[in-house]
Amino acid sequence: MSAQPEWADKDYYADLGVSSSATPEEIKRAYRQIARENHPDKNPDNPAAADKFKAAAEAYEVLSDNAERKEYDQFKAMLGSGGVFGRNGGAGFPGGFRSTATPGGADFSDFFRSAGGQAADSGLGDIFGGIFNRGGGAGRTARPSRGADVETEVTLDFREAAKGTTLPLQLSGEAPCTTCHGSGSKSANLPPCATCGGTGFTSENRGAFAFSAPCTDCGGTVNKVVDPCPDCSGSGTVHRSRSIRVRIPAGVIDGQKVRLAGQGEAGPNGTPAGDLFVLVHVKDDELFTRDGDDLHIEVPVSFSELTLGDTITVPTLDAPVRLKVPAGTPDGRTLRVRGRGVPTRGGKSGDLLVTVQVVVPEKLDPAAMSALRTYAQAEKDSGFNPRAGWAGN
């Protein structure tokens, strides 16, 4: 479980205006509506709209991912009333704060573990594990620190966002030192820290409780740098610019954040790097609009093409396709071309919805005018009245 610390004071369902039982499609629709109404381009001088837009984007990033949504739901349930941060009992604990050393004392060890048996990344498992001396014996090591997360923004063309793209990014921040390869040590000599014995923690017994905290000597990194690298002063990282190529997956929508694990700033002394979050802005397209995974396009046609029927060519995200227009198709009808919409993660694609719009010629040559008059008379003679049943006719 990789619960984030900031989840404790966030209500992502409220940010999107949906219930906790909302379907993925309901979550997507809610996000799209909020994003459209509060987009910074439409509200340049409205900080409240900008905040709502950012909150909705953050909520959608978590709730649109099935695994993250499950973790978020579990985390929030844990923090509900009667949970760790509930309102009942002392210090936020149900029934008060009791030592595990006393008969009948509350055992909180499993409370901070996921179904897989691993402590939650929120840090709660480590904090309370130390308080109750759970897992504080031999073999326990500190969870390594990590580099800082990095956020950046990109603007994509509509079709790039729909089909996915790879683009270069220039980043500036902490990167592994090339001299010591990120270890921080000039000779790669990293003996276990003598203060904590290589556990990363120091412990202090206070009566029935054992409190543990990251070792102040090694910073919880387990090893002690005894011969610092002269180029990074023992930190293992240096500040520099770097270029990376980022793959933006197909189907991203305006305001969505793409997370790239391990592409953030390097961690100290060889610890894991942070993550890179790319906020995507999407330009409008001159032909297509989008609704979920479906694309919409309006195609101009002639009266005769609708009346007699015809096969027309319509554009897609890739090559144009041929579309049959049945005889007698009314103006404004929408025809569906399956599988020609936006690609999805499952390998399928949405549909292309083609709305036909009649275009009337401004001028006709004499032969066409004569033929049209002949048709108009034949139309009247047949008894056709386009306004039959309309406005009392």
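Two strands count as paired if DSSP finds at least two bridges between them. Strands here are DSSP runs of E, at least two residues long, and helices are runs of H or I, at least four residues long, both numbered from the N terminus. With that, take strands S9 and S13. S9 covers residues 294–301 and S13 covers residues 352–358. They pair in the parallel sense, over 7 bridges. Valine 301 stands opposite valine 358 in S13.

Before I go on, a word on the model. It is predicted, so to speak of local features we need pLDDT of at least 70, side-chain atom pairs count only at pLDDT 80 or more, and totals for chains, interfaces and linings use all residues. Residues are numbered from 1 along each chain as its sequence is written, and side-chain values use heavy atoms, with hydrogens and water left out.

Back to the sheet. S9 and S13 belong to an open sheet of 4 strands. The order is S8-S9-S13-S12, and the pairing is mixed. Which strands stand at the edges? They are S8, residues 289–291, and S12, residues 334–337. Each has a single partner strand, so one side of each is left without a neighbour in the sheet.

Now the loop between S7 (276–282) and S8. Aspartate 285 lies there. Its side chain makes a polar contact with the side chain of arginine 159, at 3.2 Å. A polar contact is a pair of N or O atoms within 3.5 Å; within protein, one must be able to donate a hydrogen and the other to accept it, and residues adjacent in sequence count only if both atoms are side-chain atoms. The side chain of aspartate 285 also reaches the backbone nitrogen of leucine 287, at 2.8 Å.

Lysine 283 forms a salt bridge with aspartate 157, the closest N and O atoms being 3.8 Å apart. By salt bridge I mean a side-chain nitrogen of Lys or Arg within 4 Å of a carboxyl oxygen of Asp or Glu. Lysine 283 is partly exposed, at 46% relative accessibility. Aspartate 157 is partly exposed too, at 38%. The cut-offs: buried is under 20% relative accessible area, exposed is over 50%, partly exposed is in between, with a 1.4 Å probe and protein chains only.

How many salt bridges does a search of the whole structure find? It finds 12. One joins arginine 259 and glutamate 68, at 3.9 Å, N to O. Arginine 259 is in strand S6, glutamate 68 in helix H4, and they are 191 residues apart. Arginine 259 is partly exposed at 40%, whereas glutamate 68 is buried at 17%.

Arginine 336 forms a salt bridge with aspartate 351, at 2.9 Å between the closest N and O atoms. Arginine 336 lies in S12 and aspartate 351 in the loop between S12 and S13, so the pair ties together parts 15 residues apart in sequence. Aspartate 351 is buried, at 11%.

Last, helix H2, residues 24–38. It has 15 residues. Its buried residues include Ile27, Tyr31 and Ile34. The buried residues pack against helices H1, H3 and H4, and against S8. Contact here means heavy atoms within 4.5 Å.

Definitions and conventions
The expected span of a helix is 1.5 Å times one less than its number of residues.
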